[in-house]
Structure formats: structure tokens, C-alpha cells
Amino acid sequence: MHVDDPAFWRAGAISTVLVMSVVLIMLTIDTLGAISAGSARVPAYAVINRHIDYKFDAKRGNDVPVITASEPFFGKAWEAAAAEALIEQGKLVIQSRACMDCHTFFGNGAYYAPDLTKAWLDPAWETWQAITGKPTREEAMAAFLMNPEMYRTWTRTMPNLGLTEPEAVATVAYLKWMAAVDSNGFPPNFGRMQKK
Ligand code: HEC
């Protein structure tokens, strides 16, 4: 075969496409494994029943979620299937209200309001617990989400999006689960800025 023979280029193109298709399929399978709930970096949905922290890991050079003891969520332990259904509902609430029009999730979305990836871990919820008079973080978050204009803490005010209580509970579950996802330290220095 010679370089001025079109068959040479055709064979080259076809074999390149075939090889790269196989590579693409392998990468897709690998990615699907890495982003599924219950994998190394994305915890199973029942993680909402555990205490979640965010600590600096010197070896990795970034913050990592630390998942520790059992912790009731809205006063109870959720079965795996119930936790999954709740988080699925939370996702639908987030999509239906287009929270991304103002917020970012894993850095995707708009920059009008704070990134929500680690919102569950925000030290500011202690202030929100005080102003909403709620005994737990999840209840304070739900109260805020149902009445954000009443419990504002920032220069910008979040509008009331008409969340019902079950919708607010589901959204908080989604936010708690998301905080437990190992996002390679994103967002960096989360929660330390306010503390300083
Ligand atoms: C029109 C813009 C806008 C939309 C849409 C919006 N938010 Fe907000 N959100 C804000 C602003 C502004 C703040 C800061 C308000 C404050 O601190 O008082 C905020 C704050 C928050 C906080 C507190 C974050 C933290 O840790 O400080 C959470 C949680 C939150 N929003 C969740 C949501 C969810 C969930 C949705 C969709 C159901 C949503 N937001 C839709 C503007 C918006």
C-alpha cells in the first residue's frame, strides 16, 4: 500500500475510529462506575444517616469528607430504599425550581449565590439554627428553604420558591448526600473563610 493510494487513508481512518470507539466505551464504563452512588468517592444514599465532616488530608493536599457515627436525619434512620427515594425527590425539586439559575453544584451553574456542593457543612447553619429556633441543622435548612426571605443572612436575598415541607426535607437530604461526595477538595477552603 502506498501513501497516494486512497485505500491506505481509508483503512487508517476506519481503524482509528474503531480503536478510539473501544477507548471511549472503556472510559464511559469507568466513569459510570466512579460517579454511581455506592462507589469509592460517591457514597450510598443512606449516608444521610451518618455524621459528615470535611477535613484537610495532608497526603492528598485537599479537604475530604469524613463520614463518621450514626446521626438521625429529621429524627430517624432512613432505610436505603427510602433514602434513595428521598434524594431522587430532592433532585427533582432542585431541577423543577432551577436552583442552578443562581447557585452552582460541583461548580456548574450560576454565580449569583453560593456554591451548594458543601452547603450542608456550612458553619453558618449554626446561625440559622439560632434565627430559626430549630434544634437540628436539617430542620434549620428546611425552615430556611421554605422561607429564605424571612431568614436572610447575606447581602442578596434568596426568593421564596414555594417549597412544601416534604420538598424541603427531600432537598436537604440531597444537599447532605452531596456534601459527602469526595469532590477532590472542591470548593477549596470551604467554611474557613467565615471562621477567620
Ligand atoms: C434567584 C436566585 C436563587 C435561586 C433560584 C435559588 N437560590 Fe438559594 N440562595 C440565593 C441567595 C441570594 C442566597 C443567600 C441568601 C442568604 O444567605 O440569606 C441563597 C442561599 C441558599 C442556601 C444557603 C447556602 C449557604 O450555605 O450559605 C441554600 C442551601 C440554598 N440557597 C438552596 C437553594 C435551593 C435548593 C434552591 C432551589 C430549590 C435555590 N437555593 C434557589 C439565591 C437563589
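**Exercise 1. Describe the shell around the ligand by class, and find which helices supply it.**

*Solution.* Start with the classes: in this predicted model, the shell around the ligand holds 16 nonpolar, 4 polar and 5 charged residues. Next, look at the residues themselves. The ligand is surrounded by 25 residues, and the closest are C99, C102, A113, W154 and M158. Finally, turn to the helices: α2 (80–96) and α5 (165–179) each contribute at least two residues to this shell.

**Exercise 2. Work out whether α2 and α5 are roughly parallel or roughly perpendicular to each other.**

*Solution.* Begin with the axes, which come within 7 Å and cross at roughly 100 degrees. Angles of 65 to 115 degrees count as roughly perpendicular, and α2 and α5 are therefore roughly perpendicular to each other. Now see who meets whom: on the α2 side are L86, I87, Q89, G90, K91, V93 and I94, and on the α5 side E167, A170, T171, A173, Y174 and W177. By class, this contact of α2 with α5 has 8 nonpolar, 3 polar and 2 charged residues.

**Exercise 3. Compare the radius of gyration of the protein chain with that of a compact globule of 196 residues.**

*Solution.* A compact globule of 196 residues would come out near 16 Å, whereas the protein chain has 22 Å. Then check the C-alpha trace, which spans about 80 × 35 × 35 Å along its principal axes.

Methods:
Residues are numbered from 1 along each chain as its sequence is written. This is a predicted model: local features need pLDDT of at least 70, side-chain atom pairs count only at pLDDT 80 or more; totals for chains, interfaces and linings use all residues. A residue is near a molecule or strand if its C-beta atom, placed from the backbone, lies within 6 Å of it. Helices (H or I, at least four residues) and strands (E, at least two) are DSSP runs, numbered from the N terminus. Ala, Val, Leu, Ile, Met, Phe, Trp, Tyr, Cys and Pro count as nonpolar, Asp, Glu, Lys and Arg as charged, and the others, Gly among them, as polar. Axes are lines fitted to C-alpha atoms, for helices over the stretch in contact, and angles run from 0 to 180 degrees between N-to-C directions. Angles under 35 degrees count as roughly parallel, over 145 as roughly antiparallel, 65 to 115 as roughly perpendicular and the rest as oblique. Two residues are in contact if their C-beta atoms, placed from the backbone, lie within 7 Å. The radius of gyration is taken over C-alpha atoms; the globule rule is 2.2 Å times the number of residues to the power 0.38.
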